[in-house]
Amino acid sequence: MNIGEIIGDAVRYPLSDPKKLFIFGIIFVFASLYSNFMTSSPVNVPLLLIFFLIGVIAIVFTFGYELRILRATLAGFIEIPDFDEPVDMFLDGLKVVVVGIAYTILLAIMLGILFIVFAIAAGGLTKLSPGSGGSMVFLGIILIFILIVALFMYPSILMSLTNMVYNNSDINAAFKFGEIFNKISNIGWGNFLVWYVVSGIIYLILLVIGVSIVGVFALIHIKIIGGILYPLLIIPYMSFFIYRSAALFYMSGDYETGDRGYLECDNCRGYYELQNGESPDDFSECECGGKLVYSRK
């Protein structure tokens, strides 16, 4: 698949099953109860804590479902996955939380090192003081590097989560940087940059639409409506789009090499390698009646 095909598929994907998109939106509404309630006055602290707990649980479920989208896409399925097996979904969500915390710590360490290095360098060139020209230049450099690192970190996390799902949800695979970089190198860093820029532009457009919805309803003094519509409609589409897009990009290298995975019967243990143009959706069960399990390894 080329970048155009990947983006086109990812744009259409969320609307292929509006019902599931809406269900995911409802979960996001519960996840946003805390932030919506924070803006109300007066604040009921016990109720605020309850909404916070509900929001944390809901957001973990959304993380787990986003991994399910990655898994279904990597398996070659066209359909949006079901909301079954909630325990597994929640556990998957916890894995995303662990990976996110680890990358946040890594980001903090990188920025800390950058800050120290530039502080030492700048201190040797000019006397830094609040409001001085040297201080402003130093602050500007630090902000630029923060922006660059943050822009690089987000697609890195996406690729790390995709690599984790690709390796049977082994959380260690999210930190196999050499394996992830080799995967991207095989696809092409130029393709990676194009994919990220195009996906980012679409994501930014959706974000602007969402913020505009919130702003319009805030202006007419019914902020709660915008606070519900944004997580109900816009955020789910954004999530479906970006995770579908990331998985399609990740496995585009497999399409180039002809590696489309295989189906294994959980009864007779027979297996079948998928051919060009074939999908796991094309097969219902093994000849022996057993269930077919898809794998890419």
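The structure is a predicted model, in which local features need pLDDT of at least 70 and side-chain atom pairs count only at pLDDT 80 or more, while totals for chains, interfaces and linings use all residues. Residues are numbered from 1 along each chain as its sequence is written, and side-chain values use heavy atoms, with hydrogens and water left out.

Helices are DSSP runs of H or I with at least four residues, numbered from the N terminus. Just after α4, Gly76 adopts a positive phi of about 90°.

Across the whole structure, a search finds 16 aromatic pairs, where rings of Phe, Tyr and Trp (its six-membered ring) pair if their centres lie within 6.5 Å, and where planes under 30 degrees apart count as stacked, over 60 as edge-to-face and the rest as tilted. The rings of Tyr103 and Phe177 have centres 6.2 Å apart and planes at 80°, so this pair is edge-to-face. Because Tyr103 lies in helix α5 (residues 86-125) and Phe177 in helix α7 (residues 177-187), the pair ties together parts that are 74 residues apart in sequence. With buried meaning under 20% relative accessible area, exposed over 50% and partly exposed in between (1.4 Å probe, protein chains only), Tyr103 is buried at 4%, whereas Phe177 is partly exposed at 37%.

The rings of Phe192 and Phe249 have centres 5.7 Å apart and planes at 50°, so this pair is tilted. Phe192 belongs to helix α8 (residues 189-219) and Phe249 to helix α9 (residues 223-257), so the pair ties together parts that are 57 residues apart in sequence. Phe192 is buried, with a relative accessible area of 8%, and Phe249 is also buried, at 1%. One aromatic cluster is formed by Tyr13, Phe24, Phe28, Tyr65, Phe83 and Phe240.

Helices α4, α5, α6 (133-166) and α9 each supply at least two lining residues, and α9 gives the most, with six.
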